[in-house]
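Okay everyone, thanks for coming.

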Amino acid sequence: MISAQEADELTKVGPGTATGAFLRQFWIPFLPSDAVAPGGEPFPVRLMGEDLLAFRREDGQVGLVDTACAHRRAPLLYARNEGCGLRCVYHGWQFDLAGQCTDMPAEPATSRFKQHITIKAYPVRERNGVLWTFLGADEPPGLPDLEWNLVPRENVHVSFRVQETDWLSAYEGEIDSAHAPILHGRLDTTSKRSNTMAARSGRPIFDVVQQDFGVSVGARRPIGDGGELYWRVNQFVLPFYTLVPPKSAEWAELTGHAWVPIDDTHTLCVGFTYLPDRPLKERMVDIFANGHKGRETGHPSRLAYDETIPHNEPYWRFISRYRRATNFQFDYELQRETYFSGLPGLWVQDSGTQSGATFLAPRSHEHLTSSDAGLVVARQAMRDCVEAYRASGELPPIATRPDLYHVRSVAAVLKSDESWTEALEGFIRRSGGAPLGYEVP
Amino acid sequence: MRIAVRRELCKGHGQCELFAPDVFEIDDDALVVLKTGTVTGSAEKDAREAISHCPEAAIFEETA
């Protein structure tokens with residue numbers, strides 16, 4: 001197991017850091033397509049400690065460039081989005097998608113100085129409503145074949161929100177599935193529960209396997225007389241994706257997150273819920289988008305965002321009303337009658353516990369237990385990847401093979417003597433919009 | 001006076017061409033080219049203006 005200090009090092013992601021250098025070798029989903037309108041206001045983002053501006057030209061193409069003009073550092077946040085790119089309002093210098101200066105109106109007409117002037121710019125790709133960028137120096141590989149971003153738009157709900165947590169703590173939050181029945185528990189549930197549902201409340205036993213895509217964490221719980229086991233297999237896909245299995249036959253959606261590092265202490269939580277082979281139920285999308293009885297669910301609702309955030313704050317549109325500054329709207333009275341946690345809604349419970357009420361203590365405060373087995377292996381795997389890249393430039397195969405992202409999480413009931421890795425391999429490696437291929441327990 | 005350039009320092013600001021077009025020229029690579037290495041008479045004033053305005057100190061008077 002790596003030390004707490006080594007794990008904390010994995011949270012340092014800025015330019016020049018070992019972890020930042022490794023993570024820069026992967027495509028990053030960084031905005032929904034509708035965050036930038038054609039010819040519209042540039043949108044400020046921060047990725048791995050780098051402040052950048054996203055904008056969509058009138059012809060629809062999207063750029064991601066430095067925030068400061070190369071002339072006298074004026075903010076391009078206020079630039080005019082016109083023609084080939086952003087035009088600084090200070091002296092009118094204009095920059096195209098590649099960061100090349102194309103116009104200096106205050107210079108003599110014969111001046112060719114602009115040919116020498118560029119600002120930082122990163123490539124952007126757009127796929128199914130998501131904008132991706134690549135911060136590495138070399139030629140990028142193909143976009144990862146992540147199923148949630150390849151299925152038809154009506155099959156998937158994707159959300160973006162900012163969390164005041166280092167990316168690793170957020171990532172680990174979804175590896176640690178033992179928290180789910182406790183943190184997300186309710187006191188007002190009166191519906192009858194199946195044996196499988198009841199078994200979920202029991203103490204799981206974990207079995208962790210390293211894979212070519214990352215780490216599989218199988219959690220088993222006995223059902224009934226113990227002849228069968230209820231398995232939930234969560235996937236941790238390099239470099240920052242988590243995949244969570246379906247919850248029930250009725251709600252057979254696959255879910256998960258990309259935990260995108262904004263900087264050392266903030267994460268862009270890109271949540272997705274999808275059905276590979278059919279559209280999501282309208283009721284489900286409505287609950288995600290509008291909340292349920294005034295509460296937050298698995299995705300931030302449209303009411304969750306704080307509309308008072310000034311537009312010079314990176315990711316202003318995705319900063320929620322549930323954050324440290326608002327005490328996550330924690331309500332002690334809710335603990336008595338509604339929510340075990342007193343935190344108002346599912347994702348708010350995750351965010352509140354992963355961020356700390358005022359700050360997040362370093363990992364030297366931790367005391368990990370048996371239910372943290374997945375987290376320990378995932379940390380080690382990440383550390384190994386970062387060290388290999390730092391020492392020799394070696395990358396794991398998934399960094400250059402988009403097809404290795406053909407992975408799903410699985411929930412299944414197996415006989416107690418069955419090997420889950422063998423029994424479920426065919427369902428784990430299934431992708432490309434194919435049906436699940438099994439009945440969700 | 002004799003003029004010299006250090007093209008490797010030039011960033012193509014074009015100030016030299018603006019102040020002393022008979023002495024300096026910006027080429028297709030947007031870098032300075034010396035049209036003449038020797039300057040006399042009133043052109044010396046223009047050349048000195050150009051030298052003082054170069055942001056990269058890429059043009060200068062040879063003193064040897």
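Predicted model: local features only at pLDDT ≥ 70, side-chain atom pairs only at ≥ 80, totals over all residues.

How is chain A divided? Into domain 1, residues 28–134, and domain 2, residues 147–428. If you take the C-alpha centres of domain 1 and domain 2 of chain A, they lie 34 Å apart. The two domains do touch, though: 17 residues of domain 1 of chain A are in contact with 18 residues of domain 2 of chain A. On the domain 1 side of that contact, strand 1 (27–32) and strand 2 (43–47) of chain A each supply at least two residues. And what classes of residue does that side have? We get 11 nonpolar, three polar and three charged residues.

Let's go on to the sheets. Look for an open sheet of four strands in chain A, in the order 2-3-4-9, with antiparallel pairing. Which strands stand at the edges here? Strand 2 and strand 9 (121–122) of chain A do; each has a single partner strand, so one side of each is left without a neighbour in the sheet. The link from strand 4 (residues 62–66) of chain A to strand 9 of chain A is made of two bridges. If you want a pair to click on, Leu64(A) has Tyr122(A) in strand 9 of chain A as its bridge partner.

Now slide along to strand 14 of chain A, residues 214–223. Mostly covered or mostly open? Mostly covered, with eight of its 10 residues buried. On one hand, strand 14 of chain A is joined by six bridges to strand 13 (residues 205–210) of chain A, and those two run antiparallel. They form a hairpin with three residues between them. One pair to find there: Phe206(A) has Ala219(A) in strand 14 of chain A as its bridge partner. On the other hand, 10 bridges join strand 14 of chain A to strand 15 (residues 228–237) of chain A, again antiparallel. Along that pairing, Arg220(A) stands opposite Trp231(A) in strand 15 of chain A. Strands 14 and 15 of chain A make a hairpin too, with four residues between the strands, and in that hairpin Gly224(A) takes a positive phi near 55°. A quick reminder while we're on strands: in a regular strand the side chains alternate between the two faces of the sheet.

Next up, the core. The largest nonpolar core has 101 residues, and Phe30(A), Ala54(A), Val260(A) and Leu268(A) touch the most other members. Which helix gives the most to this core? Helix 9 (residues 373–392) of chain A, with seven residues. The core also draws at least three residues from each of domain 1 and domain 2 of chain A. Take Phe30(A) as an example. Leaving aside its neighbours within four places in sequence, Phe30(A) is in contact with several residues, including Val45(A), Leu131(A), Val260(A) and Leu268(A). Apart from that core lies another one, of 15 residues, among them Ile26(B), Ala47(B), Ile51(B) and Cys54(B).

Time for the two single residues. Val237(A) sits in strand 15 of chain A. Buried or exposed? Val237(A) has 22 C-beta neighbours inside 10 Å, so it counts as buried, because the cut-off for buried is 20 or more. Setting aside neighbours within four places in sequence, its contacts include Phe213(A), Leu243(A) and Tyr405(A).

Compare that with His71(A), in the loop between strand 4 and strand 5 (80–82) of chain A. His71(A) has 16 other C-beta atoms within 10 Å, so it is partly exposed. In sequence, His71(A) and Trp93(A) are 22 residues apart, yet C-alpha to C-alpha they are 7.7 Å apart in space. Trp93(A) is one of the contacts of His71(A), along with Cys88(A), Tyr90(A) and His91(A), once neighbours within four places are left out.

Last stop, chain B. What pattern does chain B follow along the sequence? It reads β-α-β-β-α-β, which comes to two helices and four strands. For 64 residues, a compact globule would have a radius of gyration near 11 Å, and chain B has 10 Å, so the two agree. Buried residues make up 31% of chain B. And of the contacts in chain B with a separation of 6 or more, 62% are between residues 24 or more positions apart.

That's my tour; over to you.

Conventions: Residues numbered from 1 in each chain as written. Chains lettered and ligands numbered in written order. Buried ≥ 20, exposed ≤ 12 C-beta atoms within 10 Å, placed from the backbone. Pairing = 2+ DSSP bridges. Core = buried A, V, L, I, M, F, W, Y, C linked by C-beta atoms within 7 Å. Domains from an automatic or database assignment. Contact = placed C-beta atoms within 7 Å. Nonpolar A, V, L, I, M, F, W, Y, C, P; charged D, E, K, R; others polar. Rg over C-alpha atoms; globule rule 2.2 N^0.38 Å.
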